[in-house]
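Q: I would like to learn how to read the contacts in a model with protein chains and DNA strands. Could you walk me through it, one feature at a time?

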Protein chains: 2
Amino acid sequence: MQLAELSKASEVSAASIKFYLRSGLLQPGARLNPTRAAYGPEHLQRLRLIQGLRHVVGLGLREITIVVDVLDKADGSAEQTLELLGVIQSTVLKLQGPEVHTVEGDAVVAELGWPDEPSEARNALNAHLTAMTTAGVSLDPGTLRTYAAAADSIAGLNLDITGSKPTLDELALTAAVGMHMHSQLVLKMLALAQASHAIRRYGGRDLLRGTEE
Amino acid sequence: MQLAELSKASEVSAASIKFYLRSGLLQPGARLNPTRAAYGPEHLQRLRLIQGLRHVVGLGLREITIVVDVLDKADGSAEQTLELLGVIQSTVLKLQGPEVHTVEGDAVVAELGWPDEPSEARNALNAHLTAMTTAGVSLDPGTLRTYAAAADSIAGLNLDITGSKPTLDELALTAAVGMHMHSQLVLKMLALAQASHAIRRYGGRDLLRGTEE
DNA sequence: CTTGTAGGATAGGAGTACTATCCAATGGTT
DNA sequence: AACCATTGGATAGTACTCCTATCCTACAAG
C-alpha cells in the first residue's frame with residue numbers, strides 16, 4: 001500500500017498524511033527505494049486512532065503525539081499496557097499538577113475496593129473535586145458514589161472488550177473514546193434533566209426547541 | 001468604574017476588554033462624554049461569565065456571543081429564562097441536527113417523569129446514544145438509568161441554587177459550569193476506575209504515576 | 001495650557017492544523 | 001530506451017481564532 005492508497009482507505013488527504021509523517025504521528029513506511037515507501041494495516045490503524053483522538057475526543061496534535069510516542073515504544077507487555085493506559089488518561093484528562101487529596105476521593109476508592117495507589121487519574125479526580133467545591137458547584141456524596149459505581153461497571157466492561165487481544169492502537173482508541181463518550185453522555189443527560197426541571201419550574205410548553213434565530 | 005478599573009477588578013487586560021467590546025460580548029459603558037464611558041457591576045459580571053465560559057467550559061467566542069445575545073435580550077421572565085437555559089444547553093452541547101429518537105432515551109424520560117417534550121437536550125441525548133452504539137461503546141440500560149437518576153437530582157439542586165433570584169448572567173454561568181464540571185467529574189471517575197481495573201488486571205504496582213519523560 | 005490617560009481604530013502576532021506548490025527521482029508503459 | 005504520470009520530500013502559504021500592540025485624538029485635572 002502506497003500513500004495514495006492509504007489516503008483513500010483512511011479518508012485522510014495525502015497532504016495530511018504527509019503532514020502527520022513529518023510530525024512523527026505516523027511511522028514512515030518501509031522504504032522500497034529512495035522515493036517510494038510501502039504502508040501496512042498498522043498505518044491505517046494508526047490513522048484511525050489519530051482521527052478518533054482528533055475529531056471524536058477532540059485532542060490536539062501535541063497530545064496525540066504523546067500517546068503515539070508511547071504506543072511506538074510499547075511492546076504489548078502488561079507493564080507497558082498499563083503505562084499506555086496511564087498516558088492516555090493523563091492526556092485525555094489534560095492534567096498535571098501537584099498531588100492533591102480529598103476525603104471524598106479517598107472514600108470512593110476505599111468503598112469500591114479500588115487499589116489505594118496514587119495515580120494521575122486519582123489526582124485528577126481529587127483536584128477536580130476541589131475545583132468543584134471552589135467553583136461552588138454542588139455535589140452530594142451520594143451522587144459521587146453513584147458516579148463511582150457506574151464508572152466501576154463501565155471500566156470493567158471496557159477492559160473486557162479491549163481485553164480480547166486487540167492491538168495497542170485499538171486499545172488506546174477504545175479507552176479514550178469510551179471515556180469521552182460516557183462523559184459526554186452525562187453532559188447530555190444533565191442538560192436534559194435541567195431542561196426538564198426548568199420546564200416544570202418555569203412552566204413553559206415548547207420553549208426549549210432552541211434558538212429560532 | 002472606567003476601563004482601567006474594570007480591567008483590574010476582572011483581571012482581564014484592558015486590551016481584551018476593548019476586544020470584547022468590539023466583538024459585542026460586552027455592552028458599551030454609559031458614555032460620559034465622547035471619549036469616556038462608565039462601567040458598572042453588570043459589566044464585571046458579564047466579564048466573569050465570559051471568562052468562565054471561555055476558560056472553564058472551553059467555549060469559543062462565537063458560542064459565547066450566542067449566549068450573551070440572548071442574555072441581552074432577556075428580561076428575567078419565566079419564558080425568557082427557559083429560553084436562556086435552552087440556548088445555554090444547545091451551546092454547551094454544541095449540537096444541532098435532525099430530530100432523532102431512541103428507545104433508551106424515551107424510556108429514561110418516561111421513567112423519571114420528565115416532561116415528554118422535544119428539546120435540543122433530548123435530541124442531543126438521543127443522537128449521542130446512537131453515536132455510542134455506532135462507535136461500539138458499551139452501555140447497559142442500568143448505567144444509563146443510573147446517570148439519569150444522578151442527573152435528575154443534580155438538576156434539582158442546581159436550579160434550587162440558581163433559583164434564589166440571581167442575575168441571568170449568574171444563572172447562565174452556574175448552569176453551564178455545573179453541567180461541564182459534572183461531566184468532567186465523570187470523566188475523571190472513569191479514568192480512575194479504568195486505572196484501578198487495569199492495575200488489578202495487569203497487576204502493576206506504581207506504573208500509573210504518569211509520563212516520566 | 002499642559003500633560004497624562006481614556007477610548008477608539010487598525011494592524012500585527014502567536015498558535016494550530018492543515019494545504020498547495022515545487023521538485024527531483026522513479027517506475028511502469030510504450 | 002524514452003516518456004510521463006506519480007511518489008515522496010521539503011518549503012512555504014493559508015485559514016482560523018484569540019488576543020495584543022501601537023497609534024491617534026480628545027478631554028479633564030492640575
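Predicted model: local features only at pLDDT ≥ 70, side-chain atom pairs only at ≥ 80, totals over all residues.

Q: Which elements give two or more residues to the surface near DNA strand C?

A: Both chains take part. From chain A they are α2 (14-23), β1 (30-33) and α4 (61-73), and from chain B they are α1 (3-10), α2 (14-23) and β2 (36-38). The most comes from α2(A), with 3 residues.

Q: How do the residues of the surface near DNA strand C divide into nonpolar, polar and charged?

A: Here you sort the residues by class and read off the counts. For DNA strand C, 9 are nonpolar, 7 are polar and 5 are charged.

Q: Let me turn to the other strand. How many residues surround DNA strand D, and which are the closest?

A: DNA strand D is surrounded by 20 residues, the closest being A:Leu3, A:Ala4, B:Phe19, B:Gly60 and B:Leu61. At least two residues each are supplied by α1 (3-10), α2 and β2 (36-38) of chain A, and by α2 and α4 (61-73) of chain B. On this surface α2(B) gives the most, with 3 residues. By class, the surface near DNA strand D has 9 nonpolar, 7 polar and 4 charged residues.

Q: Now the protein-protein side. How many residues does the contact take from chain A and from chain B?

A: A general idea comes in handy: the size of an interface is often given as the accessible area lost when the parts come together. Here we count residues instead, and the contact takes 76 from chain A and 76 from chain B. On the side of chain A that touches chain B, α5 (78-93), α7 (120-135), α8 (141-162) and α9 (168-202) of chain A each supply at least two residues. The most comes from α9(A), with 26 residues. That side of chain A divides into 42 nonpolar, 23 polar and 11 charged residues.

Definitions and conventions. Residues numbered from 1 in each chain as written. Chains lettered and ligands numbered in written order. Helix = DSSP H or I, 4+ residues; strand = E, 2+ residues; numbered from the N terminus. Nonpolar A, V, L, I, M, F, W, Y, C, P; charged D, E, K, R; others polar. Contact = placed C-beta atoms within 7 Å. Near = placed C-beta within 6 Å.
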